[in-house]
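Q: Please look at the protein shown below, and let us ask what stands behind some of the terms used to describe it.
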Amino acid sequence: MTPLTVNHWRRLPATLLLLALSLAGFLLVYLSAPLDWIGALTFSPFRVEGRELVFFTQPGQYWRYLTPVFLHFGWLHIVFNSLWLWQLGGNLELQLGPWSLLTLVVLIGAGSNTAQHLQGGAALFGGMSGVVFGLLGFSLVYGRLKPVAALWLPSGIVWFMLGWLVFCMLAPTERLGLGSIANTAHLSGLLLGFGLGLPALGWSKLGR
């Protein structure tokens, strides 16, 4: 993998857009924006009754399949996801172009959010982590099937992220002060990335 620096920013419009939207979603939560604003981005809409969030369905709001990826609930959450998005997303954008990266993010984000909802039911969840794991899976498969220097990942990064995934799935993260973690979104994102990486030649032809 090619280490990215700030000098690459002019060539990474899609990555910068995703980072900006993630930061905006974090600030909505961090600055205690009106709950209606946050609720417009969650997978399931909700209203507040007393001290409880009551979730309900609202047909036709298809943006909700994707928008939870931009919500972040803490400094560690946004910093971790932003660093990996910059590195993984940036490298893919340099190689495949901005439209390919955005297509990947939409497919992985919508798929991993849906999987998390199906597994956990209506709940408040969010973050770019499912997409990040998906980009990791895509990079691993695509880099093997269509070897490109920019997509080769150092083994240390791969094992760290996979180890973190397993740790979060097995450890009592809430007791450790890490909060509730959307493990289904992470795992499904990784698997979606693997699957999307298989038609390697098709991605290289998807316009820039």
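Q: Why are F138 and Y142 separated by about one helical turn?
A: F138 and Y142 are separated by about one helical turn because they lie 4 residues apart in helix α5 (residues 129-145), a helix being a DSSP run of H or I with at least four residues, numbered from the N terminus. This is a predicted model, in which local features need pLDDT of at least 70 and side-chain atom pairs count only at pLDDT 80 or more, while totals for chains, interfaces and linings use all residues. Residues are numbered from 1 along each chain as its sequence is written, and side-chain values use heavy atoms, with hydrogens and water left out.

Q: What makes F138 and Y142 an aromatic pair that is stacked?
A: Rings of Phe, Tyr and Trp (its six-membered ring) pair if their centres lie within 6.5 Å, and planes under 30 degrees apart count as stacked, over 60 as edge-to-face and the rest as tilted. By this rule the count comes to 9 aromatic pairs; in the pair of F138 and Y142 the centres are 5.3 Å apart with 15° between the planes, hence stacked.

Q: Why is F138 called buried?
A: Buried means under 20% relative accessible area, exposed over 50% and partly exposed in between (1.4 Å probe, protein chains only); F138 has 0% and is therefore buried, and Y142, also buried, has a relative accessible area of 0%.

Q: With which residues is G193 in contact, leaving aside its neighbours within four places in sequence?
A: Contact means heavy atoms within 4.5 Å, and on that basis G193 is in contact with I108, G134, G137 and F138. G193 has its place in helix α7 (residues 183-197).

Conventions. Helix = DSSP H or I, 4+ residues; strand = E, 2+ residues; numbered from the N terminus.
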